[in-house]
Amino acid sequence: MPSKPPPALGSLVVQGQPHLVHVSPSTCHNLTMFKDLLREYRRLDDTITMRLNRTNAQFRDRDRAGTSGKGNIQDQACAYVWKELVENWKRRTEMINYCVNIVDQSMEEKRKSLTSEEGDARAERRTQAAMFADEVKRNQVRNELAVEKIVRQRSLDAFQSRCQYFSPPLTDAEARKWWDAAHTQESP
């Protein structure tokens with residue numbers, strides 16, 4: 001009889017990955033939904049210390065069971081968490097950049113329609129108001145790029161405090177790019 005996996009309790013539940021969500025233009029225009037989605041994706045960064053503890057424990061358990069991989073347990077756990085962080089950072093950055101482009105396109109369409117509405121003062125005012133609203137959205141979405149840098153740096157600091165000797169393998173170009181960017185505090 002196969003053993004049943006243990007129930008998701010305690011910190012294991014908090015540790016869960018956010019489900020992947022297809023971001024649509026309507027998500028970008030709904031700032032509440034956009035920020036809620038980012039908050040969910042940032043949960044991994046917010047729980048980095050607990051995640052490192054749990055991952056270390058899991059790799060220790062695998063080692064005791066004889067199913068661990070190569071290298072020491074700490075290195076394996078650090079590599080695993082680093083991979084998760086990089087995937088999450090990449091997803092969030094892509095989502096923010098996508099939404100910046102969507103809002104920029106919306107503003108450009110309104111600018112074009114504004115020139116075609118010359119003479120109709122009411123339509124012009126309505127379009128200008130919509131442009132102003134889009135500009136506010138664009139600024140708020142762009143602000144998330146600055147927040148991302150702060151979140152990544154905070155996560156990197158916590159990660160490095162526990163994984164002092166970790167460095168992504170040279171063969172993993174994507175992880176190296178994020179590693180180098182995090183150390184120079186730039187976006188990859």
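This briefing walks through the helices, their packing and the core of the structure above.

What you have here is a predicted model, where local features need pLDDT of at least 70 and side-chain atom pairs count only at pLDDT 80 or more, while totals for chains, interfaces and linings use all residues. Residues are numbered from 1 along each chain as its sequence is written, and side-chain values use heavy atoms, with hydrogens and water left out. The protein has 8 helices and 0 strands, counted as DSSP runs numbered from the N terminus (helices are H or I, at least four residues; strands are E, at least two). Buried residues account for 36% of the 188 residues, with buried meaning under 20% relative accessible area, exposed over 50% and partly exposed in between (1.4 Å probe, protein chains only).

**H6 against H7**
- Helix H6 (residues 73-116) packs on helix H7 (residues 121-162) at about 170°, with the axes 9 Å apart; axes are lines fitted to C-alpha atoms, for helices over the stretch in contact, and angles run from 0 to 180 degrees between N-to-C directions.
- That makes H6 and H7 roughly antiparallel (over 145 degrees; under 35 is roughly parallel, 65 to 115 roughly perpendicular, the rest oblique).
- The contact of H6 with H7 is made up of 18 nonpolar, 8 polar and 14 charged residues; Ala, Val, Leu, Ile, Met, Phe, Trp, Tyr, Cys and Pro count as nonpolar, Asp, Glu, Lys and Arg as charged, and the others, Gly among them, as polar.

**The nonpolar core**
- The largest nonpolar core has 18 residues, and Trp82, Leu85, Phe159 and Phe166 have the most contacts inside it; such a core is a set of buried Ala, Val, Leu, Ile, Met, Phe, Trp, Tyr and Cys residues joined through side-chain atoms within 4.5 Å.
- Helix H5 (48-65), H6, H7 and helix H8 (173-184) each give two or more residues to this core.
- H6 gives the most, with 6 residues.

**Aromatic rings**
- There are 5 aromatic pairs in the structure; rings of Phe, Tyr and Trp (its six-membered ring) pair if their centres lie within 6.5 Å, with planes under 30 degrees apart counted as stacked, over 60 as edge-to-face and the rest as tilted.
- Phe159 and Phe166 pair edge-to-face, because their ring planes sit at 85°, with centres 5.3 Å apart.
- Phe159 is buried at 0% relative accessible area, and Phe166 is buried at 12%.
- Ring pairs also tie Trp82, Trp89, Phe159 and Phe166 into a cluster.

**Ala158**
- Ala158 is in helix H7 and is buried, at 17% relative accessible area.
- Ala158 and Ile48 are 110 residues apart in sequence, yet their C-alpha atoms are 7.0 Å apart in space.
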